[in-house]
Amino acid sequence: MRIRMLTAGLAAALAVSAPALTAPSAAVSSARAAQPHAADRVLTYDARAAAEFRAAVDRGAAWNAGVDGVELRPAGAGQRADIRIVTDDGWPRSLPDSLGQGTVYIGRQAIDQGHSTVRVTAHELGHMLGLPDRKPGPCSSLMSGASAGTSCTNAYPSAAEKAQVEKNFAGARTGAFM
């Protein structure tokens with residue numbers, strides 16, 4: 001989403017400062033196309049209980065920047081988060097209450113075995129966005145999880161996984177999302 005915001009600012013600056021380079025209607029259309037979608041569903045997460053993995057949570061949540069329809073953001077001070085992130089000594093897991101809401105556990109057991117904290121976080125957040133496990137699977141599939149092995153550090157979903165998240169949150173664009 002940050003990339004879209006940056007692109008929107010650049011497009012707006014170009015539209016204002018260089019009207020002679022493009023037709024006025026093209027400049028306006030370009031600026032509108034580059035702006036973030038106002039109908040994107042913003043899901044907030046609270047990583048205060050993520051202990052030593054707070055930075056990894058932020059990095060793991062950034063994978064969805066290229067996904068339309070939903071955006072993960074840290075909850076603001078005093079804001080109730082949609083997703084609570086907790087660290088414990090067990091195996092990583094997600095307990096969704098509904099699509100986009102619930103609790104993610106960053107289990108130290110997997111981290112102690114050598115799994116990437118950022119990948120674990122991104123994978124578990126993928127469950128909150130409605131993605132199922134795809135085991136066994138290649139490292140290129142975020143939802144292959146631990147079956148890809150400890151050498152896999154890929155924290156980004158495949159094109160098919162991104163498409164599934166977009167499908168899951170398609171109602172956010174039309175106002176039909178609940």
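This is a predicted model: local features need pLDDT of at least 70, side-chain atom pairs count only at pLDDT 80 or more; totals for chains, interfaces and linings use all residues.

**A charge over a ring, and its setting**

Now for the part you asked about. Arg93 lies over the face of Tyr105, and the distance to the ring centre is 4.2 Å. What about rings paired with other rings? The number of aromatic pairs in the structure is 0.

Next, let's look at the chain around this contact. The protein chain has 178 residues, and 44% of them are buried. Its accessible surface comes to about 9400 Å², with 56% of that belonging to carbon and sulfur atoms. Among contacts with a separation of 6 or more, 57% are between residues 24 or more positions apart.

Finally, how confident is the predictor? The average pLDDT of the protein chain is 81, and 74% of the residues score at least 70. Among the elements, strand β3 (residues 83–88) has the highest mean pLDDT, 98, while helix α2 (residues 24–34) has the lowest, 34. The pLDDT is below 50 over residues 1–38, a stretch that has 26 contacts in the model beyond near neighbours in sequence. Residues 174–178 also have a pLDDT below 50, and that stretch has 8 contacts beyond near neighbours in sequence.

Terms used:
Residues are numbered from 1 along each chain as its sequence is written. Side-chain values use heavy atoms; hydrogens and water are left out. Rings of Phe, Tyr and Trp (its six-membered ring) pair if their centres lie within 6.5 Å; planes under 30 degrees apart count as stacked, over 60 as edge-to-face and the rest as tilted. A charge sits over a ring if NZ of Lys or CZ of Arg is within 6 Å of the ring centre and within 35 degrees of the ring normal. Buried means under 20% relative accessible area, exposed over 50%, partly exposed in between (1.4 Å probe, protein chains only). Contact means heavy atoms within 4.5 Å. Accessible areas come from the Shrake-Rupley method with a 1.4 Å probe; for residues, only the protein chains shown count as cover. pLDDT is the predictor's confidence in each residue, from 0 to 100. Helices (H or I, at least four residues) and strands (E, at least two) are DSSP runs, numbered from the N terminus.
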